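Hi everyone, thanks for having me.

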Amino acid sequence: MGRKKIELKTIECPKEKSSKYSKRKKGLLKKAEEMVILCYSDIIVLVFSPTSKPNLFYPHSRSF
């Protein structure tokens, strides 16, 4: 048994959009940091906010 397919649609409410953006960005950055640690790789994450401001993220350096 598989999961149901979720219909993707634009979030219209600015408050809800901001909230979801923050939560998803946090999750994405956590995954990037895990990848740096587990795969011993260099990663840069560039995310554009709903207000079109770029957000750069450099996970912790590889100091093993």
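I'll start with where the model comes from, then go through its elements and its surface.

So, this is a predicted model: local features need pLDDT of at least 70, side-chain atom pairs count only at pLDDT 80 or more, and totals for chains, interfaces and linings use all residues. Residues are numbered from 1 along each chain as its sequence is written, and side-chain values use heavy atoms, with hydrogens and water left out.

pLDDT, by the way, is the predictor's confidence in each residue, from 0 to 100. The protein averages 83, and 89% of its residues reach 70 or more.

Is Tyr-40 buried, exposed or partly exposed? Buried means under 20% relative accessible area, exposed over 50%, and partly exposed in between, using a 1.4 Å probe and protein chains only. Tyr-40 has 45%, so we call it partly exposed.

Next, the strands. S1 and S2 pair in the antiparallel sense over four bridges; two strands pair if DSSP finds at least two bridges between them. Val-45 stands opposite Phe-57 in S2. The two strands form a hairpin with five residues between them, and Ser-52 in the turn has a positive phi of about 65 degrees.

Leu-46 lies in strand S1, residues 45-48. With 48% relative accessibility, Leu-46 counts as partly exposed.

Let's finish with the whole protein. Buried residues make up 14% of its 64 residues. Its accessible surface comes to about 6,300 Å², and 58% of that belongs to carbon and sulfur atoms. Those areas come from the Shrake-Rupley method with a 1.4 Å probe; for residues, only the protein chains shown count as cover. As for contacts (heavy atoms within 4.5 Å), among those between residues at least 6 apart in sequence, 38% join residues at least 24 apart.
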